[in-house]
Amino acid sequence: MSTVDFGDLLLLNLDLFKKAPDVLQYYQERFRYVLVDEYQDTNNCQYQWLLQLADIYKNICCVGDDDQSIYSWRGANVANILRFEKDFKDAKIIRLEQNYRSTSRILKAADSVISNNKERHKKTLWTESGQGEKVKLFSFSNDRSEASTIANIIQENLRKFHPNEIAILVRAGYQTRPFEEVFIQNSM
């Protein structure tokens, strides 16, 4: 084998740990404390790797939210975080349920969707940020229609907000092009 990718590296480590227990023990001793962020997005190979690495000392801290698992399409297995308490029976679970960014209406809307998922830990999100405005849902037939509507909303709100206080969040860079075109067209 002349080249490997990230997945191969994980598999090769698991194979090494199986064939050379002394190597596994070396790393278990070297890494007595393990921190895993975004635990809900670990795949089965990463899960097995972590179980072996933390097997002696059980000093593992996992941060994650089963409701934010979005990478199943690339192998993430939300069951890893759901069974954490069974895998590490003495672990202390700290639920961070206070939300500092959203209003209670947004949290209620999100919860009404997320609570339909039966494979999740129950949690009650809350905020001190007030009730906030009513949640609005928009549906668009294409990206130009979306950009046009958003530009109109921004235009209406320029009396209330300075342009530096307005942002459009997109998941990928290519999604900005329709907004740029509409803003140029509207001289914004």
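User: Why does Ser112 count as partly exposed?

Analyst: In this predicted model, Ser112 has a relative accessibility of 45%. Buried requires a value under 20% and exposed a value over 50%, so Ser112, at 45%, counts as partly exposed. The residue lies in helix H6, which covers residues 104-114.

User: What makes the pairing of the Ser112 side chain with the backbone oxygen of Ala109 a polar contact?

Analyst: A polar atom of the Ser112 side chain lies 2.7 Å from the backbone oxygen of Ala109.

User: How far is Ser112 from Pro21, in sequence and in space?

Analyst: Ser112 and Pro21 are 91 residues apart in sequence, and their C-alpha atoms are 48 Å apart in space.

User: Pro21 belongs to helix H2. Why is helix H1 called roughly perpendicular to H2?

Analyst: H1 (residues 6-19) and H2 (residues 21-30) pack at an angle of about 110°, with 5 Å between their axes. Angles of 65 to 115 degrees count as roughly perpendicular, which means that H1 is roughly perpendicular to H2. On the H1 side the contact is formed by Leu16, Phe17, Lys18 and Lys19, and on the H2 side by Pro21, Val23, Leu24 and Tyr27. By class, six of these residues are nonpolar, two are charged and none is polar.

User: Thr127 is found in the loop between H6 and helix H7 (143-157). How do you know whether Thr127 is buried or exposed?

Analyst: The relative accessibility of Thr127 is 17%. Buried means under 20%, so Thr127 counts as buried.

User: Which backbone atoms lie 3.0 Å from a polar atom of the Thr127 side chain?

Analyst: One is the backbone oxygen of Ser102, at 3.0 Å. Another is the backbone nitrogen of Ser129, also at 3.0 Å. Leaving aside neighbours within four places in sequence, Thr127 is in contact with Asn99, Ser102, Thr103, Ser104 and Leu107.

User: Why are Glu38 and Lys58 called partly exposed?

Analyst: Relative accessibility is 41% for Glu38 and 44% for Lys58.

User: Where is Asn43, and what does its side chain reach?

Analyst: Asn43 is in the loop between E1 and H3. Its side chain reaches the backbone nitrogen of Gln46 at 2.7 Å. Beyond residues up to four places away in sequence, Asn43 touches Leu10, Gly75, Ala76, Asn77 and Asn80.

User: Which residues make up the largest nonpolar core?

Analyst: This core has eleven residues: Val34, Val36, Tyr39, Tyr47, Leu50, Leu53, Ala54, Ile60, Ile81, Phe84 and Phe88. Strand E1 (34-37) and helix H3 (44-53) are the elements that give two or more residues to the core. H3 supplies the largest share, three residues. Tyr47, one of the core residues, touches Tyr39, Asn80, Arg83 and Asp87, not counting residues up to four places away in sequence.

Note on methods: Residues numbered from 1 in each chain as written. Predicted model: local features only at pLDDT ≥ 70, side-chain atom pairs only at ≥ 80, totals over all residues. Heavy atoms only, no water. Core = buried A, V, L, I, M, F, W, Y, C linked by side-chain atoms within 4.5 Å. Buried < 20%, exposed > 50% of the residue type's maximum accessible area, 1.4 Å probe, protein only. Helix = DSSP H or I, 4+ residues; strand = E, 2+ residues; numbered from the N terminus. Contact = heavy atoms within 4.5 Å. Axes fitted to C-alpha atoms, helices over the stretch in contact; angles between N-to-C directions. Parallel < 35°, antiparallel > 145°, perpendicular 65-115°, else oblique. Nonpolar A, V, L, I, M, F, W, Y, C, P; charged D, E, K, R; others polar. Polar contact = N/O pair within 3.5 Å; in protein donor to acceptor, adjacent residues only side chain to side chain.
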